[in-house]
Amino acid sequence: MKIAVEGCMHGELDKVYDTLRELEKAEGVKIDLLLCCGDFQAVRNENDLQCLNVKPRFREMKSFWKYYSGQAVAPYPTIFIGGNHEASNYLWELYYGGWAAPNIYFLGFAGVVKFGNIRVGGLSGIYKQQHYHLGHYERPPYNENTIRSVYHVRHYDVLKLMHVKEPLDIFMSHDWPLGITEYGNWQKLIREKRFFEEEVNKRTLGSEPAARLLNKLKPPYWFSAHLHCKFPAVIQHGEGGPTTKFLALDKCLPRRGFLQVIDIPSGPGPHEIQYDEEWLAITRKFNNVFPLTRMPFTMLDEQVDTQDDLQWVRNKLNARGAKPIDFVQTAASYDPSCQASNPSITVHCRNPQTESFLQLLNLLYLLDSSNSYGVSRNESSSQTGQALDSDDIELPDDEDDPADDDD
């Protein structure tokens with residue numbers, strides 16, 4: 001299977017797809033799948049543009065709206081994670097993952113899917129310590145603080161990924177795992193990016209949660225973006241242990257290293273995106289402790305038993321199949337023939353894909369919860385397997401919430 005990997009998309013779908021078509025023609029190959037490591041910018045309309053953390057003078061509609069509206073169709077199955085420049089209102093609709101447009105699949109704030117017999121996992125957003133142990137409290141319309149914090153990685157999502165036991169083939173994160181530069185040519189990196197030198201020397205460049213996931217999951221391939229440069233590294237996990245090939249890629253610009261094609265052995269197919277049984281079992285187990293407020297939240301890193309949930313999910317998918325729920329439009333698409341108007345106030349929309357996904361797993365819809373004390377820890381669990389209880393949860397001291405300035 002030939003898999004293309006792209007760094008920061010920044011809404012340039014037309015350019016990336018055109019580049020892949022040219023590559024296929026020049027090399028006489030067929031691309032089976034495209035992966036994107038964040039800053040995808042799934043902007044459908046002017047309202048979405050207001051939820052994008054980009055300085056107003058740099059806000060552009062780009063080309064995603066064409067694929068959302070059906071004017072264009074993605075020529076390759078595409079899977080993406082979120083970064084720190086996203087239409088966060090739209091991605092929140094699809095928190096658990098789902099089709100952002102036909103043939104374009106958002107992996108969710110954290111997620112695992114199968115493509116053929118290849119397992120692809122990912123973590124959206126970037127790490128900021130001051131928000132890491134908080135719940136997902138942000139709701140549209142966003143203010144100048146929540147438009148940033150909404151894409152900050154949360155312990156809850158990392159913890160779910162830490163419970164993945166079955167081997168992954170590929171993992172994606174937007175920012176780099178902390179310490180990854182020690183496994184590559186960091187001298188070349190700081191020659192090209194002098195402003196990284198202090199962070200590299202102090203070992204502060206990158207995400208600590210991503211580093212813990214790398215050490216736990218040990219996937220053969222790990223791809224990242226965010227820092228707008230190409231950087232390869234090879235990690236040996238202990239003497240005689242497995243190896244991870246890491247590659248960070250640039251953003252889509254001429255003469256930049258924004259694209260890489262890899263060959264991965266695979267079965268005969270079908271080469272299509274499907275739900276992953278283990279991930280659905282983890283989602284089902286953890287959804288009843290979904291933190292949705294500013295209350296600090298953490299959980300013991302002990303492994304929680306998901307075997308009952310896994311068997312429940314297998315029975316469910318054996319009955320209905322593993323194909324994701326179909327794409328549904330939930331907002332009007334940008335129309336370049338219409339005169340620009342003042343955007344309306346953006347509010348949360350219940351995406352039918354997400355509602356159907358939760359019904360599939362017998363879980364309640366919680367994404368529009370606004371209770372300042374959070375939802376009941378148990379009311380959202382209607383599953384057969386044993387639910388988590390409050391004894392599994394630690395609540396650290398409250399933290400300040402300083403505004404930060406993300407790149």
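Visitor: What should I know about the model and its numbering?
Guide: The model is predicted: local features need pLDDT of at least 70, side-chain atom pairs count only at pLDDT 80 or more, and totals for chains, interfaces and linings use all residues. Residues are numbered from 1 along each chain as its sequence is written, and side-chain values use heavy atoms, with hydrogens and water left out.

Visitor: How many helices and strands does the protein chain have?
Guide: The chain has 13 helices and 15 strands. Helices (H or I, at least four residues) and strands (E, at least two) are DSSP runs, numbered from the N terminus.

Visitor: Why is Ile-262 called buried?
Guide: Buried means under 20% relative accessible area, exposed over 50%, partly exposed in between (1.4 Å probe, protein chains only). Ile-262 has 9%, so it is buried. Of the 407 residues of the chain, 57% count as buried.

Visitor: Where is Ile-262, and what does Ile-262 touch?
Guide: Ile-262 lies in strand S12, residues 259-263. Leaving aside residues up to four places away in sequence, Ile-262 touches Met-1, Lys-2, Ile-3, Ile-170, Tyr-221 and Phe-223. Contact means heavy atoms within 4.5 Å. Met-1 is 261 residues from Ile-262 in sequence, with 8.2 Å from C-alpha to C-alpha.

Visitor: What makes H7 roughly parallel to H10?
Guide: Helix H7 (residues 155-162) and helix H10 (residues 208-217) pack at about 10°, with axes 10 Å apart. Axes are lines fitted to C-alpha atoms, for helices over the stretch in contact, and angles run from 0 to 180 degrees between N-to-C directions. Angles under 35 degrees count as roughly parallel, over 145 as roughly antiparallel, 65 to 115 as roughly perpendicular and the rest as oblique. The angle therefore makes H7 roughly parallel to H10.

Visitor: Which residues make that contact?
Guide: H7 gives Val-158, Leu-161 and Met-162; H10 gives Pro-209, Arg-212, Leu-213, Lys-216 and Leu-217. By class, the contact has six nonpolar, no polar and two charged residues. Ala, Val, Leu, Ile, Met, Phe, Trp, Tyr, Cys and Pro count as nonpolar, Asp, Glu, Lys and Arg as charged, and the others, Gly among them, as polar.

Visitor: How do you know that S10 and S11 pair?
Guide: Two strands pair if DSSP finds at least two bridges between them. S10 (residues 231-236) and S11 (residues 243-248) have six, in the antiparallel sense. Pro-232 stands opposite Leu-247 in S11. The hairpin has six residues between the strands, and Gly-238 takes a positive phi near 80°.

Visitor: Which residues of S10 form the covered face?
Guide: Phe-231, Ala-233 and Ile-235 do; Pro-232, Val-234 and Gln-236 form the uncovered one.
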